[in-house]
Protein chains: 2
Amino acid sequence: MKTFVAGVATTKFGELWSASPRGLARLAVFGALKDADIDSKDVQALFVGNMLSGMLGGQEHLGAFFAEELGLSVPAFKIEGACASGGLAIHNAVNSLMSGQYETVVVLGIEKMTDHKPEDVATALMGAGSEEERLAGATFPGLYAILARVHMREFGTTEEDMAAVAVKNHYHATLNPNAQFHTAVTVDQVMRSSKVADPLKLLDCSPISDGAAAVVLSTKRTKRSVEVIASVVATDTLGLAQRKSLTELSATQKASEKAYTLAGMDAKDIDVAEVHDCFTIAEILATEDLGFFPKGKAASAIQRGSATIGKAKRVVVNPSGGLKGCGHPVGATGVKQIAELVEQLRGNAGARQVKKARVGLAHNVGGSGATAVVHILEI
Amino acid sequence: MKTFVAGVATTKFGELWSASPRGLARLAVFGALKDADIDSKDVQALFVGNMLSGMLGGQEHLGAFFAEELGLSVPAFKIEGACASGGLAIHNAVNSLMSGQYETVVVLGIEKMTDHKPEDVATALMGAGSEEERLAGATFPGLYAILARVHMREFGTTEEDMAAVAVKNHYHATLNPNAQFHTAVTVDQVMRSSKVADPLKLLDCSPISDGAAAVVLSTKRTKRSVEVIASVVATDTLGLAQRKSLTELSATQKASEKAYTLAGMDAKDIDVAEVHDCFTIAEILATEDLGFFPKGKAASAIQRGSATIGKAKRVVVNPSGGLKGCGHPVGATGVKQIAELVEQLRGNAGARQVKKARVGLAHNVGGSGATAVVHILEI
């Protein structure tokens with residue numbers, strides 16, 4: 001059984017003070033159904049990717065919650081895996097289609113973060129980390145700062161190298177109407193931004209965001225559909241202290257290796273990728289672990305423009321602006337990545353179109369690498 | 001592709017002050033693997049059913065959390081749908097097997113509720129209800145009290161009728177070593193217990209519980225395995241006010257009708273059922289909506305012993321003691337139901353064995369009926 005993305009939609013990402021979760025869900029899901037030219041009465045199940053609605057808003061049972069709001073009287077599920085919730089929702093939806101249980105399903109990724117105090121959001125986000133890290137007062141910027149330090153020591157990666165990731169992704173975001181930031185930044189601006197967790201500065205970090213994205217998945221191919229040729233999940237330890245190596249995310253490596261095998265491809269076949277750049281160091285780790293660049297070489301390659309729209313000779317990385325430039329509404333991110341790839345593979349990505357993109361890869365991470373989800377799409 | 005339950009285990013349910021979530025998970029999962037005679041290295045994915053760990057404990061990302069704890073370096077997911085989280089986890093696990101993505105997976109249902117203040121637990125549980133109900137200060141006992149009142153008015157159901165459900169399920173629980181309560185109760189005791197939400201009294205309500213259950217699912221049949229012949233989910237509105245009828249849970253009706261069709265059976269083919277008796281009225285509604293008794297007739301039938309071990313001529317309902325007598329650790333309940341059915345169908349249920357049980361049905365509900373999950377198992 002094959003699985004196709006039939007339609008996609010993404011709301012604006014950002015500080016959407018006047019938007020409600022219900023409104024964002026409607027925009028995303030009805031947008032994706034319209035894009036797919038599928039009537040909502042033909043939807044057979046709803047998968048919701050979300051992390052924080054219980055902890056921050058007191059509302060769980062989001063499958064039934066959004067099914068009712070959307071007028072979909074169908075089986076509905078919330079799938080949670082921290083910042084990988086969206087990717088995990090896609091994976092479970094793909095499996096449900098391949099099982100023959102359903103023929104057409106909708107995946108909604110959604111998060112509303114800016115209604116809450118930033119310190120409450122930061123506390124809630126640590127629900128993704130290990131209990132030891134959480135109770136010791138660690139934060140995700142702090143954990144990724146450790147990964148950055150180890151990478152700097154092992155490979156000579158510099159703060160300017162990391163800043164180049166922010167420069168690229170902010171540039172890409174200026175080309176994306178739905179992105180949270182439409183401001184290009186320079187290496188100097190990143191370097192002068194305030195420290196968050198040394199060596200990571202404000203402009204090394206993805207923002208707190210609101211937003212939703214939806215995709216319609218189907219077992220039927222249509223003229224506009226894009227095939228999902230691999231859907232793979234891998235896990236690692238929650239905490240950094242239990243890992244063998246801090247210069248790689250082994251879950252990313254395991255998931256991508258299996259995905260390449262399933263797709264009968266390797267890293268050099270990927271034309272466009274949306275990777276999980278929650279921090280600039282995360283994109284460096286991801287592009288190495290996915291095999292786009294050799295270990296220790298991603299930073300200089302990205303700095304040379306090797307992953308930038310219009311400059312890259314091989315894969316363009318994060319044309320949407322990534323989590324850094326487009327925004328990171330946690331549960332929405334993994335679904336937005338798929339939506340971006342579909343627009344790219346269809347040739348509908350406007351100013352940020354990657355030329356001749358035929359194969360796309362999405363890479364969604366939970367925590368500091370405990371969960372990794374890799375999807376490969378082909379048109 | 002067929003799906004089989006290869007092994008099951010349930011921890012003691014109750015106020016387990018000295019048990020940790022990690023410890024409960026290990027007992028349940030390693031118990032189920034031992035029962036299945038499957039090595040943990042052959043497990044390919046982990047599905048976790050849980051509702052409250054984020055809201056009450058600040059810990060999300062439970063898929064990766066328990067995968068690490070159990071030494072399972074495999075894809076891992078948390079599935080949430082309020083009190084139906086366990087059933088939804090089983091459903092997604094079954095689909096993942098039928099898709100061909102995995103051959104052997106573990107489903108863990110778990111909840112640790114008694115570490116928290118009862119008022120915090122009650123608030124968190126309302127995360128399963130509609131926003132309107134939640135913000136208006138409704139509680140689940142209050143919502144089910146409304147359903148009870150409507151049933152009493154429409155069908156002449158009495159408080160003594162409802163009490164008979166508690167009497168049966170407490171009796172069954174006395175036969176189950178893992179049950180939270182080992183105390184038989186009388187109709188008079190139920191009637192004299194303190195009011196919680198009129199007409200529901202303390203002994204009409206399932207308790208706050210800790211506990212875990214696990215099942216190993218496989219695409220391979222073994223001598224001890226039990227086949228899953230239907231796995232169906234249906235949804236309804238979250239809130240009672242939006243429903244057409246309050247004398248039935250339409251999600252239960254929809255899910256069971258489809259499950260009977262898939263199984264090529266009807267209600268009279270079911271020998272043993274675990275149904276979602278979060279309140280005594282809920283078992284009356286469930287056994288009517290599942291077709292075991294005509295609408296308005298369940299209460300008197302249960303009172304006559306028509307669903308009691310050793311007395312029932314057709315289906316025995318809640319031999320484990322149900323949520324009422326065995327306990328209701330929210331995310332564990334839907335998984336425990338499957339574990340109980342497997343023990344019954346294997347003939348391993350000891351003092352509570354239902355004679356000649358060949359076909360079992362599990363019915364797990366989220367909220368006040370917004371989600372219903374029905375599984376049918378056959379040996």
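Strands here are DSSP runs of at least two residues, helices are runs of at least four, and both are numbered from the N terminus. The model shown in every view is predicted.

**View 1. Loop of chain B that holds B:Pro199.** B:Pro199 sits in the loop that joins strand E5 (195–197) to strand E6 (200–201) of chain B. The peptide bond leading from B:Asp198 into B:Pro199 is cis, and its omega is near 10 degrees. In chain A, the bond from A:Asp198 to A:Pro199 is also cis, with omega near 10 degrees. A:Pro199 is placed in the loop between strand E5 (195–197) and strand E6 (200–201) of chain A.

**View 2. Backbone at B:His61.** B:His61 belongs to the loop between H2 and H3 of chain B. This residue is not a glycine, yet its phi is positive, at about 65 degrees.

**View 3. Contact between chain A and chain B.** Chain B contributes 43 residues to the contact, and chain A contributes 43 residues. On the chain B side, at least two residues come from each of helix H2 (53–57), helix H3 (62–69), strand E3 (76–80), helix H4 (85–98), helix H6 (131–135) and strand E8 (226–235). By type, the chain B residues that touch chain A are 18 nonpolar, 19 polar and six charged. Of the interface residues of chain B, 100% are also interface residues in chain A, so the copies meet through the same surface.

**View 4. Strand pairing across the two chains.** Strand E3 (residues 76–80) of chain A pairs with E3(B) in the antiparallel sense, over three bridges. Within this pairing, A:Lys78 is opposite B:Glu80 of E3(B).

**View 5. Relation of chain B to chain A.** The C-alpha of chain B nearest the axis is that of B:Ser99, at 1.9 Å from it.

**View 6. Packing of helices H7 and H11 of chain B.** Two packed helices are described by the angle between their axes and the distance between the axes. For helix H7 (residues 140–155) and helix H11 (residues 280–289) of chain B, the axes come within 9 Å and cross at roughly 55 degrees. H7(B) and H11(B) are therefore oblique to each other, and their crossing is left-handed. H7(B) makes the contact with B:Tyr144, B:Leu147, B:Ala148 and B:His151, while H11(B) uses B:Ile281, B:Ala282, B:Ile284 and B:Leu285. Seven of these contact residues are nonpolar, one is polar and none is charged.

Key: Residues are numbered from 1 along each chain as its sequence is written. Chains are lettered from A and ligands numbered from 1 in the order in which they are written. This is a predicted model: local features need pLDDT of at least 70, side-chain atom pairs count only at pLDDT 80 or more; totals for chains, interfaces and linings use all residues. Two residues are in contact if their C-beta atoms, placed from the backbone, lie within 7 Å. Ala, Val, Leu, Ile, Met, Phe, Trp, Tyr, Cys and Pro count as nonpolar, Asp, Glu, Lys and Arg as charged, and the others, Gly among them, as polar. Two strands pair if DSSP finds at least two bridges between them. Copies are superposed by least squares on the C-alpha atoms of residues with pLDDT of at least 70 in both. Axes are lines fitted to C-alpha atoms, for helices over the stretch in contact, and angles run from 0 to 180 degrees between N-to-C directions. Angles under 35 degrees count as roughly parallel, over 145 as roughly antiparallel, 65 to 115 as roughly perpendicular and the rest as oblique. A crossing is left-handed if the near helix is turned anticlockwise from the far one by less than a right angle, and right-handed if clockwise.
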